[in-house]
Amino acid sequence: MSATEQSTAPAATSGRRRRGSQLTAAPWLLLAPFLLFFVLTFVLPILVAVGQSFTRVTRSGVFGEQGVTSEFAWFANYAQALENGNFIDSIIRMLLFGVVQVTVMIALSTVLALLLESASARWPGFFRAVYFLPYGIPGVIATILWSFLYVPGLSPVIDAAEVVGIELDFLGAGTVLWSIANIVTWTYAGYNMMIIVAQLKAIPTEVYEAAKVDGAGPLRVAASIQLPLIRPALVLTTVFSIIGTLQLFAEPQVLSTVAPDVDSEYTPNLSAYTTAFAYNDYNVAAAQAVLIALVAFALSFLFLRLTNRRS
Amino acid sequence: MSAATVTDSVASGGRNRRPGQSAGRSILVTAILLLVALYFLVPVYWVVVAATKTTEDLFATNGFWFGQTFALFANVREVVAYDGGIFLRWFANSVLYSGVGALLATYFAAAGGYALSRYQFRGRNLVFGTILGGVLVPGTATALPMFLLFSELGLANTYWSVLIPSVVSPFGLFLCRIYADASVSPSLLEAARLDGASELRIFHTVGLRILTPALVTVFLFQLVGIWNNYFLPLVMLADQDLYPITLGLNNWRSQTDRLPEFYELTTGGVLLSVIPLAIAMIVLQRFWRGGLTEGAVK
Amino acid sequence: MRVTRRDLLRLGGAGAAGALLSACAGPGATPVNTRPTIPPADGPITLTYWSWLKDLQKVCDVWNAQNPHIRVEASWIPGGNDGGYQKMYSALAAGGGPDIGQVEMRTVPEFVLVDGLVDLRRYGVDQYADRFNETLWQQVSFVGGVYGIPQDSGPLALYYRPDLFQAAGAEVPATWEEWNETARRMRATDVYLECLDLSDTSWFAALAQQAGARWLRVEGEEWVIHMTDDATLQVARHFDRAIDEDLITTAYGQFSTPWYAAASAGQIASAAQASWGDALLQSVTSGAGQWRVAPLPTWGSGGYASTFLGGSTAAVLANSKHPQEAMEFAIWMTTSQEGIDAMIANSGIGWSPSRDYIGQSRLGGADFFGGQSYNTEVFEPAAQPEAQNPDWSWWPITQQSFNILSDGFRQKVSGGTLVDAIATAENAIVKAFTNKGLSIRKAEA
C-alpha cells in the first residue's frame, strides 16, 4: 500500500476513524506473540504448579495396583515439603551462600570495573575480554572444568599446595559450598562487571572534570562520585544474583559425583528435581517449586525495599 | 613495592598530572588486573593442557604441563567421530536453540516493549506488572510444571520443548520498554502516522531501527542465556539427538566413573566447546553495552 | 478485565487435572497389566532398547542378523539415577518411551509403582524361569508378577594387592572380624585397606544383605519394614568402629576419581567389590599384575558367603507395542551363549544371571590378575544360590530410602553413628511410604 495516496483530503476523516481503531488494536497485535508464549511458558505452568501442589495421590495395594486416586489436599504437600529437613536446610544453605557469594562477587565486579575504567589501567580492552570470557561458558561445563581442579589426584592446584606443605580439600563437608561459590563467582563476576562498566561509561566527563578541579583523588572520586552513580547497576546485578542463587542447580549436581557431601537435595532446586524425577512425586515437587518462587520474590522485594529506603 | 606505592599515590591525592606517580599506580593497577586475569584463565589453560593428554597421562602427570604423549589431535578426532559425530550434532542443536530462540525472543520483546511504551490502553499496567513478575520467577521453578504441560500437549522431548520457552524474555521486554520510553519520540511516530503508515509498519520501520542498540543487548543476553541453559533441556529432552552441548558433555562426563576413556572425550569436548564461545565473547563484549544501562539508570 | 478467584481456581484445577492424567500412574488410566495382552506382530517390527551399556547395538546386531523381522535398536542413556531413569519416567509420562529399558534390580519396584512395567508372566515368562539364577529371579518377582529379565548382577569378592599385604605383614581376611586386624596392619604402613563412601549406601546395604538382613517384605496387603535387625546392626557397628579407629577412609568412594588416584599411588590395598569391578580396576594406572581376588570376608553365623551389588534387568516398559517380542529378545540376550558372550565382549556386562553359563571369556586366567582364574575360582561360587541371601527383596522407594539413609550416615563425620542413623532412617522411610499413599508397618521386634 502507498502512504501518500491515503493522505488525500477526502479519505482523511474515514482514515482518522480507522486510525482510532488501529490505535486500540495495534498494541495488542504487537504484544500478541509475546503474550501468547508468556502465557504458555509462565502463566500456565505456574497455574499447573499451583494446582498440582494442592493435589495428592493415594494408592491401594502394595504397588497401587488396586487403584490410584487423587484428591484435593489443601496444604498437605506444602506441609510435607516444609517438614523435609533437607529442603529447609537447602534454603538456609542458599541464603548463607547468597549473603557471602553475592556480596563477594558484586564487590569484586565493582572493583574490577573501577580499576578498568581508571586512567591507570593498561590494556583495559584485553582485561575486559578475559574477565568476561567465563560468562560464555555454561555452568555445567564450568563446573566440569573446575571439578578437575578440585579433585585430589587430578588437581595440579592441590599438588602444588602440597609441595608448600598446605593440604587443600576443596570437596570436604565444610569447603564444598565455597568451592561452588568460586565457580559461580568465576562465571558471573565478569558479566556483572560489564554491566557496571557500561554504567560507568554513562557518567558524563564534566563530572570528572569538576572533581579534578576540586582536587579529589581516585579513591575519593570512586567513593563519592562513581559508586553513587552506578547504584542502579549494582541493584540490578544484585537482584539477578539473588534470583540466580536460588536457581543453583547444575554446579552442585555435577559436583555431587565427586563430592560426597553434596547430596541430592543440596539446593532447593536440586531437591525439587529429585522429588519429581527420582521419587516420582510431582505434587510435592510442585509445592517446592512454588515455595522457591515465593522465596525469590520475597528476597527480591526485600532487597529493593531496603535499597529504595536508603536513597 | 606495593606499600610504598599505595601510600604514595594516596598522599599525592591522585593527581594524574605527575607522571612518576601515575606510572607507579599504573603498574600496580595493571599488576592487580593481571593477577585477576590469571584466575579467570587458569581453568581454561588447564583444559587446553588436559585435552592433549591420554587418560593415563591425565592422572600420572602434572596438570599444568603437557604429558609424555601429545594426543590432542587423536582426542579431537575421537570427540568428533564418537557415536557417528554426535558431538557435532549437539553443537548444531545448541546453535539452533540459541540462534533461533534469541532472534525470535528479541523480536517479540521489542514488539511488546514498544507497544507498552508507546501506546496508552486499558490493561497496560496489569500486563506490564505481570510480565515484570515473570522477570523475578526463577526459570527453574517453571520448568517442572512446564514439562507436565508439554507432556500433555505432546511437545515434551521435541525441539519445540526447548525452543518455545526460549523465545520468551520478560527481562528483554523490560529493557526494550524502558529504552523505547527514553529514545522513541512521540513526534517521530506522529510524523509517520501523518504519512499514513500503519501502526505495524511504523514499528517495523521506525521503532525497530531506533531500538537497535537495545535489541543487540537483548539478543546477546538471550543467546548466551539459552546456550548456557541446562535445567530446561535436562527436564524436557530424553532423546540424545536433541541434546544441546551442555547436556551432551555432561552425559560423557557422567560416564567417566564406569568408563575412564570418557575423560579424553570430556576434556576434548570441553575444549572444542569453549573455543568458539571464547572467541564469541571476546568479539561480542564491545556490543554489550547499549540498552542495558540506559534502561537501568532511568 | 476481571478474573474472579473462582475462574482462576477452575483454570488451575483443569491444568492440574490434565497434567495428572498424562502421568502414567495417574488416576483414571487403566493400569497396563489389566489391559488385554498384545498378540505377537504379523509383520516385521523394530524394538528400541534404552540402556547405558556401551556398544549394546553390536549385541543387538547379532540378534538382528538372525531375526530380521524383529529388529532391535539400542539407544544410549545416562546411567540410572544420573538421568537415565528421569528420561524413562518422563517418556512414560508423555505416553512414549522404548520397548525395553535397562532398570536396575533395586529400581524395578519403583517402576512398578508408577505402572511403568509389563508383567511378563502374562506373556509366558515362567517357561524360562529355570534358566536364571534363583536369587535374581526372586528379586524381579513381586506380588505374583515378574517385572524384568535379569541381565547382569555383581556377586561380591575381595580385590586386593598381595604386595601391599605382604609389606604390612597381613593375611587376606576370611571374616570381617579378621578384616579389622588386617586394616590395622595396613594403617601401620600408612595404607588404607578399604574406603567407605558415606553417601553411597548401596554398598552398606549389600553387606547387610550378606549378613542376613531383610529390610522390607510384603505381608498380605502391606509392607513390613525391619531395618534394625541384628544382622544390619552388626554391620553398622562394625563400620562405626572401623571409622572411629581410622581403619577405613571415608574421603572417597570406590572407583571414584580420587580413589583411582589413591590406588595408582598404592595407598589403598583392597576393595570389597562386585565382579564387574574387574574392568574398572584395569583403569588403575600401572595396576596390571598387581591385583588378585579372594572370597569376601564373612560375618559369621547367620550370614552368607557373598552378596549381590548392583545388577540390572531388561524390563519391558508399559508403552511397548510389542511386549512379547521384547521379552523374547531379552531372554535370548541374557541366557543364550552367543548373547552372553556378545554382552561380555562388547558391553563389558556384569555377571551373567544365567544358571549354567558364565561366558567363554570368563573361563580362563586373566593377565591383569597375574593369570588367576578368578571368575571360576571366586565369583562363580559366590553367585550360587546357597552363597546368597534368598529372602532379600527391593521396594518401591529404594532410591529415596538410600538417600534418607545416607543423610543419616553423613552425620558420622559430625559425631553421629551408623547405628543411630539406621534407626532414624527406618522411621523416615515409614513416613515416606505413607506419603506415597502406601501402607506399611514396622515388624515386631
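Two residues are in contact if their C-beta atoms, placed from the backbone, lie within 7 Å. Under that criterion, helix α14 (residues 374–383) of chain C lies across β7 and β11 of chain C and runs at about 30° to β11(C). The model is predicted: local features need pLDDT of at least 70, side-chain atom pairs count only at pLDDT 80 or more, and totals for chains, interfaces and linings use all residues. Residues are numbered from 1 along each chain as its sequence is written, while chains are lettered from A and ligands numbered from 1 in the order in which they are written.

**Sheet**
- Helices (H or I, at least four residues) and strands (E, at least two) are DSSP runs, numbered from the N terminus.
- An open, antiparallel sheet of chain C consists of three strands in the order β10-β7-β11, where pairing requires that DSSP find at least two bridges between two strands.
- Its edge strands, β10 (270–274) and β11 (292–295) of chain C, each pair on one side only.
- Neighbouring strands of this sheet are turned by 35° against each other on average, direction ignored; axes are lines fitted to C-alpha atoms, for helices over the stretch in contact, with angles from 0 to 180 degrees between N-to-C directions.
- Five bridges join β7 (residues 156–160) of chain C to β10(C) in the antiparallel sense, and C:Tyr160 has C:Ser270 in β10(C) as its bridge partner.

**Domains**
- Chain C is assigned domain 1 (5–151 + 313–361) and domain 2 (155–307 + 391–442), with bounds from an automatic or database domain assignment.
- The centres of domain 1 and domain 2 of chain C, taken over C-alpha atoms, are separated by 29 Å.
- In chain C, 15 residues of domain 1 are in contact with 13 residues of domain 2.
- On the side of domain 1 of chain C that touches domain 2 of chain C, α4(C) gives the most, with five residues.
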